[in-house]
Amino acid sequence: MKILIVGDGAREQSIAHKLSLSPSVEEIYLCPGNGGTHYISKCENLPPMTQEELLDFSKKTGIAYTVVGPEKNLMEGIVDLFQQHNLSIVGPHKDAALLEGSKSFAKDFMKRHHIKTAAYEVFDDFRTAQEYLKTASYPLVIKADGLAQGKGVEIVENYENALTILTEFMIQEKFQDASKTIVVEEYLVGKEASIISLYDGNHIVPLWSTMDHKKIGPGETGLNTGGMGSITPNPHYSPFMEEDFNRNILLPTQEGLSQDGLTFQGIIFFGLMMTEKGVYLLEYNLRFGDPETQSLLQVLSSDLHEVFLSLLSGKLKETPLSFQEEGAACVVLSSAGYPLDYKKGIDITDYFRLCPEGVTLYAYKSRWEDGRILSDSGRVLSVVASGNKDVATDKIYRFLEKVRNENLYYRNDIGKI
């Protein structure tokens with residue numbers, strides 16, 4: 001079978017790598033892919049294409065199914081387009097994608113279906129939001145309503161702080177149209193967990209729990225990023241938390257999707273906060289997360305291709321999933337200065353050339369040029385290894401100590417907090 005993967009990041013490369021291990025997979029096309037694709041068998045990068053061009057390519061090439069990585073493509077309706085032409089694709093249709101694309105839409109869905117989440121208010125008028133914040137209890141969380149690459153969330157400690165963020169979001173339009181509407185949320189204290197799940201339109205099947213490290217600095221300090229590392233399983237996700245999640249979040253989400261006519265075949269990412277009062281849902285993503293996917297696929301023993309076929313045919317419940325016993329970790333290398341100003345064109349070839357057995361590399365947006373891989377984004381590499389969190393991170397950090405680049409930065413406490 002031939003498979004198409006849409007996207008150019010480490011997430012897409014890790015999916016391609018896992019699919020390439022299946023004996024049933026003949027060839028994998030990535031659009032546009034990245035420089036690291038060079039090191040994965042059965043893979044070929046395509047030039048950038050529009051959704052209509054991808055559709056035409058899929059028809060002509062005989063693509064068995066397509067996997068969509070970035071949320072932007074989902075919001076733009078690539079699933080709707082492919083399904084109109086009877087092509088199999090992993091992902092939500094445009095209406096369901098609003099669960100990720102609009103925080104207010106998602107929160108209203110949670111409220112309507114009695115899904116455990118933080119109290120909230122939605123504002124599309126600056127003055128109204130300002131008046132609310134004058135008398136609110138702090139701390140609070142302010143979120144841009146639309147897509148902001150994981151960076152449109154701010155915790156505010158007082159009114160002055162809140163007014164600054166409100167002005168940046170709604171007046172200065174820090175995230176363009178995405179922050180013209182905001183969600184103001186109750187601040188929850190606890191530990192976060194990510195649950196990436198498979199959804200075949202009937203059943204939601206969660207994979208292992210993961211823990212993401214969002215902040216740029218050690219100890220979860222500094223600016224928000226797209227993610228600086230992850231481990232699986234999440235050490236804070238207890239059996240009690242899992243039972244609470246299943247009862248108060250997963251099952252009502254499954255029922256709500258059916259009741260609202262939002263069923264699809266794809267991925268549901270649950271962003272959770274685990275508190276003294278149990279588990280609360282922070283957000284939905286409707287695609288694989290990054291860097292959670294890199295560590296999660298490392299522990300999945302099942303043939304991912306067969307899993308996708310079961311998902312697309314609505315038969316997930318008939319396909320048992322298997323995982324290796326211990327776990328995995330992922331450490332992200334970013335360009336120095338990320339997530340603000342950062343350098344591109346960093347040569348990362350030596351990382352691939354010197355990568356030892358037991359460590360796997362996935363590149364972010366990058367290019368293969370004259371036998372070298374050159375970076376083209378703020379996050380540059382995902383470095384992945386198997387084992388419990390201490391064993392896995394030890395493998396990664398020992399490798400990173402040997403291959404140094406002053407233009408690259410990584411956190412040294414992934415999995416340790």
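**Group meeting: cysteines, cores and a helix pair**

Okay, let's start with the cysteines: the sulfur of Cys-355 sits 12 Å from the closest cysteine sulfur, the one in Cys-330, and that is too far for a bond. Keep in mind, please, that this is a predicted model. Cys-330 is in no disulfide either, with the sulfur of Cys-355 as its nearest cysteine sulfur.

So are these two cysteines buried or exposed? Cys-330 is buried, at a relative accessible area of 0%. Cys-355 is partly exposed, at 24%.

As a general point, in soluble globular proteins nonpolar side chains tend to be buried together. Here the largest nonpolar core has 31 residues. Which residues have the most contacts inside it? Those are Ile-5, Ile-15, Leu-19, Ile-28 and Phe-308. As for helices, α11, residues 304-312, gives the most to this core, with 4 residues. Then there's a second, separate core of 26 residues, and Met-110, Phe-245, Ile-249 and Leu-250 are included in that one.

Setting aside residues up to four places away in sequence, Ile-15 touches Ile-5, Val-67, Phe-288, Thr-293, Leu-297, Leu-304 and Phe-308.

Next, a helix pair. Two packed helices are described by the angle between their axes and the distance between the axes. Take α5, residues 94-101, and α6, residues 103-112: their axes come within 6 Å and cross at roughly 95 degrees. That makes α5 roughly perpendicular to α6, because anything from 65 to 115 degrees gets that label. On the α5 side, the contact is made by Asp-95, Leu-98, Leu-99 and Gly-101, and on the α6 side by Lys-103, Phe-105, Ala-106 and Phe-109. Sort the residues of that contact and you get 5 nonpolar, 1 polar and 2 charged.

Gln-265 is in the loop between α9 (239-259) and β15 (266-275). With 23% relative accessibility, Gln-265 counts as partly exposed. How far is Gln-265 from Glu-243, in sequence and in space? They're 22 residues apart in sequence and 24 Å apart in space, C-alpha to C-alpha. Leaving out residues up to four places away in sequence, Gln-265 touches Gln-83, Ile-89, Val-90, Gly-91, Tyr-199, Asp-200, Gly-201, Leu-311 and Leu-312.

Thr-349 is in helix α12, residues 349-354, and is buried, with a relative accessible area of 12%. Thr-349 and Leu-374 are 25 residues apart in sequence, and their C-alphas are 7.6 Å apart in space. Apart from neighbours within four places in sequence, Thr-349 is in contact with Tyr-39, Gly-371, Arg-372 and Ile-373.

Last one, Ser-335. You'll find Ser-335 in strand β17, residues 328-335, and this serine is buried, at 1% relative accessible area. What does Ser-335 touch, not counting residues up to four places away in sequence? Tyr-342, Lys-343, Ile-346, Ser-377, Gly-378, Val-380, Asn-407 and Leu-408.

That's my tour, thanks.

Terms used: Residues are numbered from 1 along each chain as its sequence is written. This is a predicted model: local features need pLDDT of at least 70, side-chain atom pairs count only at pLDDT 80 or more; totals for chains, interfaces and linings use all residues. Side-chain values use heavy atoms; hydrogens and water are left out. Axes are lines fitted to C-alpha atoms, for helices over the stretch in contact, and angles run from 0 to 180 degrees between N-to-C directions. Helices (H or I, at least four residues) and strands (E, at least two) are DSSP runs, numbered from the N terminus. Angles under 35 degrees count as roughly parallel, over 145 as roughly antiparallel, 65 to 115 as roughly perpendicular and the rest as oblique. Contact means heavy atoms within 4.5 Å. Ala, Val, Leu, Ile, Met, Phe, Trp, Tyr, Cys and Pro count as nonpolar, Asp, Glu, Lys and Arg as charged, and the others, Gly among them, as polar. A nonpolar core is a set of buried Ala, Val, Leu, Ile, Met, Phe, Trp, Tyr and Cys residues joined through side-chain atoms within 4.5 Å. Buried means under 20% relative accessible area, exposed over 50%, partly exposed in between (1.4 Å probe, protein chains only). A disulfide is a pair of cysteine sulfur atoms within 2.5 Å.
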